[in-house]
Amino acid sequence: MKDTIQAPTIEYALLLPMLLVFGAAVVGVLVEAFAPRHLRKSIHMPLTLLSLLGAFVMTVLVARGGLPDAAAAMGAVAVDGPALFIWGIILILALVSTLLINDEEQFVAQAAAVPGSPDEEEAVLSGYAQTEVYPLLLFSVGGMLLFASANDLLVMFVGLEVMSLPLYLLCGLARRRRLLSQEASVKYFLLGSFSSAFFLYGMALIYGYAKSVDLAAINTALTAGGPETLLLIGTAMLGIGLFFKIGAAPFQAWKPDVYQGAPTAVTALMASTVLVAAFGAVLRVFWVALGGLQWNWEPIMWGVAIITMIVGAVLAITQTEIKRMLAYSSIAHAGFLLTGVVAIGTFEQNSQALSGILFYLAAYGFTTVGAFAVVTMVRDAGGEAGHLSRWAGLGKRSPVLAGIFAFFLLAFAGIPLTSGFFGKYAVFSAAVAGGALPLVVVGVVTSAIAAFFYVRVIVLMFFNEPSADGPSIAVPTVGTSAVVALAAAATVVLGVFPQPVLDLADQAASALFIR
Amino acid sequence: MPWLSTLMAVPVLGAVGVSLVKSDKLAKQLALVVSLVVLALTVAVAVQFNPTSQTRFQFAEVHDWIPRFGVHYGVGVDGIALVLIALSAVLVPIVILASWHDADGTGGLGGGAGGTVEAVPGEGLKTEASRVPAPKRSVKTYFALLLVLEAMMIGVFAATDVFLFYVFFEAMLIPMYFMIGSYGGAQRSYAAVKFLLYSLFGGLLMLVAVIALYVVAQKNTFMFPELIGAVQDPATQKWLFAGFFIAFAVKAPLWPFHTWLPDAAAQAPAGAAVLLVGVLDKVGTYGMLRFCLELFPEASKFFTPLVIVLSVVGIVYGAIVAIGQTDMKRLIAYTSISHFGFIALGVFAMTRDGGTGATLYMVNHGFSTGALFLIAGFLIYRRGSSRIADYGGVQKVAPVLAGTFLIAGLSGLSLPGLSTFVSEFMVLLGTYERYAVAAIIGTTGVILAAVYILWMYQRTMTGPTNESITPMNLPDLNLRERFVIGPLVAVILILGFFPKPMLDVINPAVDKTLSSVGVEPFTPAVADKKGAGQ
């Protein structure tokens, strides 16, 4: 054989955003190894921000250069319209979350020190800081980019793991309530590993059916036929792995615990970006690879969407902790998004639904980061004042902050003139057009239920008297204020003039996914 | 000049101004000035309005808002919308003046504009105030919310794009929610949440119908004139009608969707209650007339018997329950439920008299119930109690207050010569032309109205003066309050004697509505009957 070793062609230009993030992450590790302790943070911070910003600029440049019509890197990564849009959202949201992570109060001094031990005290006194947070974040973001744009299941799995492993660690690094944080970390790790295993197993079974892990090849194999059992069980297992990541019921149990335990800055990152990346992957698997199997998975997806919406909305009512409540709210929103996933049909219908989902993800992501940023600012002696009763009368103590938070909550509830309304509208209208009217009815009923607990927090903040020893509002760092301001601005602008972003989402969705 | 956009922009800018100025007093004055400017602009619009014009919507402005969804910023008015906008524009300055001290939380009959007799009675009220300590609320926020609400009320009536209507329909809940929840009575947060959730639930059902309307109509636009007749399939019409109608029935509210109203109206500060019952609830009946009838004519005809029954039940039920109330504001709220029954009856009678009467009823009810709420509010402000049993013989200590209360009350029970009589008569006449039995049962509502109004008047104003009431702690209306009530009484009297200008504006719009509903099997028959009778 003449051509014994053929070098793979890699379209570096297309992959540059991802490569930049990974490269910066590797540099970050080197900084951890070689830079003196007191310099690390001041190196990490600009490095992280600049690399994320650079990656975003490159994403825009790639998008402006025209969409490629074939998958990059030998068919492993699909840099198509939806992928670029999702990259853009993830990178901006990660950038915004990084500003939150910069806050000293968030992270443990030394994660290895046993909570409450003299070691811990010493670590705190000597001003240690786990600056590994920054490279971990970059690795996770890089994984998300890969996860959302993977064009074969194996690469998708790699993306999934690269995204998740740093997050498991990040969850355990909260400065306050460390046991809760470590519990969250272990829980997330164990359950996440199980779900990864399911994904891997599903992938193997699908490979058994299609003799390929390439998404397009799987779709082709569907028309050829084969051992159905492998295919169906494989689809179910892939589904379990992905549903776990988006927090769809009945695989949602980790979300409240993890969101509560993790440092709030990390929660903000997870709640916004992971959902975006995971929906990218869900769409790729179910629309691209398994689109031909629609009749089989659609009823299941209907069921999952309905349970997810109901579980998220109903259980959120019973919550007394603000982060847990937002976690259940995030579950409900995953359910709303799933109504867009089942709205599959003609080419035009698909692109409408895809565009709706993309817009929803952008709108929801910004509002979420903003909401968690506000949560970081409401503090009492033991750190953040998580219990809802502590929020009573906040509207009187600091009307601006409470007003902005109320606005975020109204956006979650989907009140017109907020971004959340148009997000919901875009997805629901696609779902109605796709014949999922009953699903939309469930969606609006659960929206009404969800409105109850959002409104309850507003009642607490504005209509109740503040208690004498209520939480104080931390003087926000520049970063935190910037995050809140940016998120509020995005929520207003997307709620009043959504057209530019809708156009962008339309363009991104116009050609659907490349196969 | 984009008149309608200006009408909306002025209060919004005013709200921004109000929230920025330094002192509370300045904020109130600015709010009053802004609302008067809006009123002047509305008068200018009304003067230029041509009732006989063939164009469906005058002062129309249409701009693309979100082309992706076929949504336009489309506004315009016909006679029906114009009179309701005028209602809002008149009520808001009155409410601002009436609420001058509501948000202060001072509890005293404090100075303020036009205060003349407060120096002495102030003493007597201090003790009352300390009994029910009213926490200090942000005055500026209250007036800013009022102005935002005004902009949205104008917007919701002016919208000619179904989506834009929906946006205002939902968004206007938020300022009202905060007004009830932050400035209301003891049960305010319960009432505010109940109000918001009921309305939101109805609104979300409407959202499904709005989406489905867009998908089914396949016109790629939400412009109302283009959507008329777009949905032909009767079964689809019925479902969409249900989605819209439930939202409107919750909003109006019709029996059995009414339970939120007594709570919300009783807990809201008097000014907010006036706007809630006087204007916000009219959006429901307006929506039935504008959207339900025209977009889904077949379904409307199909559901007419049901709606008529609900309306008649509401008329009688609201009246009977009102008689049993011990709280003034709740009583007035229940009378409104009875009145909304009349309005819905007129709308769904689908006759010219019924439609015009219903529209006029919406306006008149806003004024007469507004006056009742405001005077009740003045009473409550003086005594800190809304229980009827806490009053008695007020006539003797505060004759002007009692007198205006009587006029407003008599208007509420449709005494001839006062405005509501005209509209109630027209509604009953219009209904009788087609549903004689419903009209006859509905007429009992008029008799019951006499019972609840006069009995309330008798218990609070006549008889021996309640021993806890003295001229000290219950002074008569001061100058500011007279300026509040004066215009309302004048409007009630003028519209009672000269309804013609209003009817001339409303009639052509109702005719156009009914002709686009195409009430074929009925209209000619009615015309014939009338012809035969003459």
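The model is predicted: local features need pLDDT of at least 70, side-chain atom pairs count only at pLDDT 80 or more, and totals for chains, interfaces and linings use all residues. Residues are numbered from 1 along each chain as its sequence is written, and chains are lettered from A and ligands numbered from 1 in the order in which they are written.

Confidence comes first. The predictor gives the complex an ipTM of 0.86 and a pTM of 0.89. For single residues we have pLDDT, the predictor's confidence in each residue, from 0 to 100. Chain B averages 84, with 91% of the residues scoring at least 70. Within chain B, helix H6(B) has the highest mean, 92, and helix H4 (residues 121-131) the lowest, 38. Helices here are DSSP runs of H or I, at least four residues long, and strands are runs of E, at least two, both numbered from the N terminus. Two stretches of chain B stay under 50 in pLDDT: residues 106-134, and residues 520-534.

Now the fold of chain B. Its secondary structure comes to 22 helices and two strands. The C-alpha trace spans about 70 × 50 × 40 Å along its principal axes. Of the 534 residues, 60% are buried, that is, 20 or more other C-beta atoms, placed from the backbone, lie within 10 Å of the residue's own; 12 or fewer would be exposed, and anything in between partly exposed.

Next, the contact between the chains. Two residues are in contact if their C-beta atoms, placed from the backbone, lie within 7 Å. Chain B puts in 28 residues and chain A 26. On the side of chain B, helices H6 (162-171), H7 (173-183) and H8 (188-217) each supply at least two residues. H8(B) gives the most, with 16.

Last, His44(A), which lies in helix H2 (residues 37-64) of chain A. His44(A) counts as buried because it has 26 C-beta neighbours inside 10 Å. Beyond four places in sequence, His44(A) is in contact with Gly28(A), Val31(A), Thr131(A) and Tyr134(A).
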